[in-house]
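The following note sets out numbered points for a colleague's review. Please read each point beside the sequence and the coordinates.

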Amino acid sequence: MTLSGHLRELRNRLVVCLVCLVVSFLIGLHFAPQLVDFLTGLGEAYGYTYVYIAPQELLMQYFSVALIAGVCITLPLILYNTWAFIQPGLKKNENFLFLSAMFFGLVCFIIGIIFAYKIMLPFMLYFLIDISKGSGITASISVQNYLTFLLTIFMIFGIVFELPVVSVLLTQMGLLKIKWMKQGRRFVIVLIFFVAAVITPPDVVSQIMVAVPMIGLYELSIIIASLLLRLRRKKKKDTEEKEA
């Protein structure tokens, strides 16, 4: 295909993704009040009350939630078009690696969000509202700040759970050595606890609940990368023996 043909294909795929994103956004906008009620309900269970301090604040949150919902709905199509565009230039093993990274990356991101929703957010919301009890200060939380907090936590844990996929991908590309990962384990553990302290409330329990899964994901990355390396070496050895 000529350069103009590639550019034309890229334009067509971008248009398809953009149209689907707009349609998904409109669908998300229709259900935005229900989505906002669902998210605010998580805090209401712990005694949170919400206010909006600007006339347009609640409406803007509907748009924000609708946009995020639209991106989530359109994401599989975006990933497919990304793969379809670059697939002709990939070798067989590169194609398999790219598809596997997209699939497992999406799965790990979803698992991270579920982990945040089921485990981390209940602890965080309870801790943050509990420290105000007995202080004589009534908490009236801005709905914008509350939703931003929730969506940030979802995003953080979604990205954190991408660690195995990114690590395995880098090792398969030769940009990261398993030996480096093993030798740097102590430094990484310290870094993980530092990150956990930054993204969680200032209590030890929350930090441990974040740090332990991150350490587990790091160790899982080493195990998976080591297994794939052994399989690749075995396959290479078998190929050399057949050729001999």
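1. S24 belongs to helix 1, which spans residues 3-30; helices here are DSSP runs of H or I with at least four residues, strands are runs of E with at least two, and both are numbered from the N terminus. The model is a predicted one: local features require pLDDT of at least 70, side-chain atom pairs count only at pLDDT 80 or more, and totals for chains, interfaces and linings use all residues. Residues are numbered from 1 along each chain as its sequence is written, and side-chain values use heavy atoms, with hydrogens and water left out.

2. S24 counts as buried because its relative accessible area is 6% (buried is under 20%, exposed over 50% and partly exposed in between, with a 1.4 Å probe and protein chains only). When neighbours within four places in sequence are set aside, S24 is in contact with G70, I73 and T74, contact meaning heavy atoms within 4.5 Å.

3. V22 is also placed in helix 1. Is V22 buried or partly exposed? With a relative accessible area of 43%, V22 is partly exposed. The C-alpha atoms of V22 and G136 are separated by 46 Å, and the two residues are 114 residues apart along the chain.

4. The axes of helix 1 and helix 2 come within 4 Å and cross at roughly 60°. Axes are lines fitted to C-alpha atoms, for helices over the stretch in contact, and angles run from 0 to 180 degrees between N-to-C directions. Helix 1 and helix 2 are therefore oblique to each other (under 35 degrees is roughly parallel, over 145 roughly antiparallel, 65 to 115 roughly perpendicular, and the rest oblique). Helix 1 contributes G28, L29 and H30 to the contact, and helix 2 contributes A32, P33, Q34 and L35. By class, this contact has 4 nonpolar, 3 polar and no charged residues; Ala, Val, Leu, Ile, Met, Phe, Trp, Tyr, Cys and Pro count as nonpolar, Asp, Glu, Lys and Arg as charged, and the others, Gly among them, as polar.

5. The volume of the largest pocket is about 900 Å³. On a 1 Å grid over the protein atoms alone, a pocket is an open set of points with protein on both sides within 12 Å along at least five of seven lines, and lining residues have an atom within 4 Å of a point. Grid points are joined across faces, edges and corners, and a volume is the space filled by probe spheres set on the points. The lining of the largest pocket comprises 24 residues, of which F96, L97, V168, Q172 and L228 are the closest to its centre. Helix 4 (92-130), helix 6 (163-172) and helix 9 (204-243) each supply at least two lining residues, and the largest share, 9 residues, comes from helix 4. The lining has 17 nonpolar, 3 polar and 4 charged residues.

6. The second largest pocket holds about 550 Å³ of space. Its lining has 17 residues, with I68, C72, I113, L151 and F154 nearest the centre. At least two lining residues come from each of helix 2 (32-44), helix 3 (57-86), helix 4 and helix 5 (143-160); helix 3 gives the largest share, 6 residues. By class, this lining has 17 nonpolar, no polar and no charged residues.

7. P76 is found in helix 3 and is partly exposed, with a relative accessible area of 44%. Its C-alpha atom and that of I223, 147 residues apart along the chain, are separated by 28 Å.

8. M124 lies in helix 4 and counts as buried, at 0% relative accessibility. Between the C-alpha atoms of M124 and I153, which are 29 residues apart along the chain, the separation is 10.0 Å.

Key: On a 1 Å grid over the protein atoms alone, a cavity is a set of points where a 1.4 Å probe fits but cannot get out, and a pocket is an open set with protein on both sides within 12 Å along at least five of seven lines; lining residues have an atom within 4 Å of a point.
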